[in-house]
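The following exercises are to be worked with the sequence and the coordinates at hand. Each task is followed by a stepwise solution.

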Amino acid sequence: MIDLLSDEHKLLLDGLDNSRRFLAHFKIDDFDSEIKLFKGRFQSHIMAENLKLYLYLRISLPQGSDQKKLAENMRLEMKEISKQVKSFHDTYGSGQLTPALIYACETEITKLRKLLGERFEQEERSLYPLYKRQAAA
Ligand SMILES: [Fe+2]
């Protein structure tokens, strides 16, 4: 499962890179398709983490342990990030991207790419190894 989640991280970040490139070349139809694909992938990734990863960690980690707090904090942080992703989609993913929105969108994609890049790195560095250790125990 962890390998699959890590592969999804790469796909998601590639999706944002592609979106940014389409936007820079004013390929708006391609941008719309890519951003729609990203939305579906992101939602399914978050659902998988919530249903499998966080649930398992919540049940299996000792009450009051630092690891349990870490997992819970990361879950809550991702909830906030998901709201930002939703807001991004509501603004730019409606298939109605006007020229005036394109510049703002490029800035937002760059920010989102940085935020998710750092967040995924953190998951792969701390959360996923924690899950692997728990699952192997
Ligand atoms: Fe993730």
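**Exercise 1.** Which residues have the most contacts inside the largest nonpolar core, and how many residues does this core have?

*Solution.* The model is predicted, so local features require pLDDT of at least 70 and side-chain atom pairs pLDDT 80 or more, while totals for chains, interfaces and linings use all residues. Residues are numbered from 1 along each chain as its sequence is written.

Step 1. A nonpolar core is a set of buried Ala, Val, Leu, Ile, Met, Phe, Trp, Tyr and Cys residues joined through C-beta atoms within 7 Å. A residue is buried if 20 or more other C-beta atoms, placed from the backbone, lie within 10 Å of its own.

Step 2. The largest such core has 13 residues, and Phe 38, Tyr 92 and Cys 105 have the most contacts inside it.

Step 3. At least two core residues come from each of α1, α2, α3 (66–92) and α4; α2 gives the largest share, 4 residues. Helices here are DSSP runs of H or I with at least four residues, numbered from the N terminus.

Step 4. Leaving aside residues up to four places away in sequence, Tyr 92 touches Ile 35, Leu 97, Leu 101, Cys 105 and Glu 108 (contact: C-beta atoms, placed from the backbone, within 7 Å).

Step 5. A second, separate core has 7 residues, among them Leu 53, Leu 127, Tyr 128 and Tyr 131.

**Exercise 2.** Describe α1 and identify what covers its buried residues.

*Solution.* Step 1. Helix α1 comprises residues 2–24, 23 residues in number, and its first and last C-alpha atoms are 33 Å apart, close to the expected 33 Å (1.5 Å times one less than the number of residues).

Step 2. Leu 12, Gly 15, Leu 16, Ser 19 and Leu 23 are its buried residues. The cover over them includes α2 (28–60) and α4 (99–136).

Step 3. Just after α1, Phe 26 has a positive phi of about 55 degrees.

**Exercise 3.** At what angle do α1 and α4 pack?

*Solution.* Step 1. The angle is about 170 degrees, and the axes are 10 Å apart (axes are lines fitted to C-alpha atoms over the stretch in contact; angles run from 0 to 180 degrees between N-to-C directions).

Step 2. Therefore α1 is roughly antiparallel to α4, a term for angles over 145 degrees.

**Exercise 4.** How many helices and strands does the protein chain have?

*Solution.* The protein chain has 4 helices and 0 strands, in the order α-α-α-α along the sequence. Of its 137 residues, 20% are buried.

Definitions and conventions: A residue is buried if 20 or more other C-beta atoms lie within 10 Å of its own, exposed if 12 or fewer, and partly exposed in between; C-beta atoms are placed from the backbone. Two residues are in contact if their C-beta atoms, placed from the backbone, lie within 7 Å. Angles under 35 degrees count as roughly parallel, over 145 as roughly antiparallel, 65 to 115 as roughly perpendicular and the rest as oblique.
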